[in-house]
Amino acid sequence: MTHASRAYWFDDNRANWDDRAAVHEASGYGIAELLASPEAITAEIALDRDRLGELNGREVIHLQCHLGLDTISLARMGAARVVGLDLSGESLRRARAIAERARANIDFVEANVYDARAAVTGDFDVLYTSIGVLCWLPDVAGWARVIASLLKPGGRLVFRDDHPVFQAIGDDLSNGLVLREPYFQAVEPSTWEDDTSYVGPVGDAPAIIHTRSHQWNHSVAEIITALLDAGLVIDEVTETRYSAWRRWPDAMEPCPEGFRFIDKAMRNCLPLQLAVVAHRPTPS
Ligand SMILES: C[S@@+](CC[C@H](N)C(=O)[O-])C[C@H]1O[C@@H](n2cnc3c(N)ncnc32)[C@H](O)[C@@H]1O
């Protein structure tokens, strides 16, 4: 199945994300905090700072950049060229305006991840993509090939996302941790109808009209194998006890890295995020 034949799913997702962009900006989304100081960076980029390494003078691409806050943070870490890419034109319209206010020089490109190689010129030292990204992509092998094609020899991928087991658990925890969604990649997506977003209700934000979205899960082995098959070398695989968001509000509490289970025993039951660092080898 080519990604063109998945256009129906991508069209729904784009419309949904275009609507969410306005809601997210109205919710705050950490924009004021980022604009408050030219040195500020997002919590997510701060968490990945060691994985990203020295960015001074580097060429960096951020896939699925949404409102561009992590992208601005990458620019603030000294990168010489920063590209942010996303499917949602409305997200990018807002990202450009926020980046202008932050005086960050970023090239925002509207494209599907699967078209990124054709949409962007040049190769990159670092490719960053994190938190809420792989679930929107039906084909993890195709994703990994795009990543490899965008990296210079020696260039690095820094990926951190909701863990695929965390994604397979249902929203209702009243019967404990119960698997309700696929763990392995499937052709058919899980389709949702939802007029809210993960930021919760936002007083005077426009309504989400395009409520339908489609998501896929990808197992840990599918992700690692896809990156290896694309020719990358894996440098780090980490599973965390913290999440970027409060998926189960009654069972989770804030922690320095985001949110974790209140129940200490539960913290050892379920990985909440998966981080992978990999690089494209230099030819010998
Ligand atoms: C949860 S956000 C991730 C960004 C970041 N972690 C954040 O919270 O701002 C997901 C982004 O993926 C984008 N997206 C979804 N499917 C995509 C695709 N096939 N190609 C490019 N971007 C896509 C959406 O438009 C959205 O901006």
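Asp48 is in contact with Tyr128, Val158 and Arg160, leaving aside its neighbours within four places in sequence. The residue sits in the loop between helix 3 (43-47) and helix 4 (49-52). The model described here is predicted.

**Asp48**
- Asp48 has a relative accessibility of 0%, so the residue counts as buried.
- Along the chain, Asp48 and Pro281 are 233 residues apart, and their C-alpha atoms are separated by 21 Å.

**Nonpolar cores**
- The largest nonpolar core has 36 residues, and Leu63, Trp143 and Phe159 have the most contacts inside it.
- Two or more residues of this core come from each of strand 1, strand 2 (81-86), strand 4 (124-130), helix 8, strand 5 (151-162), helix 10 and strand 11 (273-279).
- Helix 8 gives the most to this core, with seven residues.
- Another core lies apart from this one; it has 28 residues, among them Leu69, Ile72, Met77 and Phe108.
- Phe159 touches Thr129, Val133, Leu134, Trp143, Ile223, Leu274, Ala275 and Val276, when residues up to four places away in sequence are not counted.

**Helix 8 and helix 10**
- The axes of helix 8 (residues 140-150) and helix 10 (residues 220-229) come within 8 Å and cross at roughly 40 degrees.
- Helix 8 is therefore oblique to helix 10.
- The crossing of these two helices is right-handed.
- On the helix 8 side, the contact is made by Val140, Ala141, Trp143 and Ala144; on the helix 10 side, by Glu222, Ile223, Ala226 and Leu227.
- Seven of the residues in this contact are nonpolar, none is polar and one is charged.

**Helix 5**
- Helix 5 is mostly covered, with seven of its eight residues buried.
- The buried residues of helix 5 are Leu69, Asp70, Thr71, Ile72, Ser73, Leu74 and Ala75.
- Two of these, Leu69 and Ile72, are also among the residues of the 28-residue core.
- Gly78 follows helix 5 and has a positive phi, near 105 degrees.

**Gln64**
- Gln64 is found in the loop between strand 1 (59-63) and helix 5 (69-76).
- With 16% relative accessibility, Gln64 counts as buried, because buried means under 20%.
- Its contacts, leaving aside neighbours within four places in sequence, are Leu85, Asp86, Val113, Thr129, Gly132, Val133, Trp136 and Leu137.
- The phi of Gln64 is near 60 degrees, which is a positive value in a residue other than glycine.

**Arg103**
- Arg103 is placed in the loop between helix 6 (89-101) and strand 3 (107-110).
- Although Arg103 is not a glycine, its phi is positive, at about 55 degrees.
- Arg103 has 79% relative accessibility and so counts as exposed.

**Ser219**
- Ser219 belongs to the loop between strand 7 (212-215) and helix 10.
- Ser219 counts as buried, because its relative accessibility is 1%.
- Beyond its neighbours within four places in sequence, Ser219 is in contact with Pro164, Tyr183, Phe184 and Gln185.

How values were computed. Residues numbered from 1 in each chain as written. Predicted model: local features only at pLDDT ≥ 70, side-chain atom pairs only at ≥ 80, totals over all residues. Heavy atoms only, no water. Axes fitted to C-alpha atoms, helices over the stretch in contact; angles between N-to-C directions. Helix = DSSP H or I, 4+ residues; strand = E, 2+ residues; numbered from the N terminus. Parallel < 35°, antiparallel > 145°, perpendicular 65-115°, else oblique. Left-handed = near helix turned anticlockwise from the far one by under 90°. Contact = heavy atoms within 4.5 Å. Nonpolar A, V, L, I, M, F, W, Y, C, P; charged D, E, K, R; others polar. Buried < 20%, exposed > 50% of the residue type's maximum accessible area, 1.4 Å probe, protein only. Core = buried A, V, L, I, M, F, W, Y, C linked by side-chain atoms within 4.5 Å.
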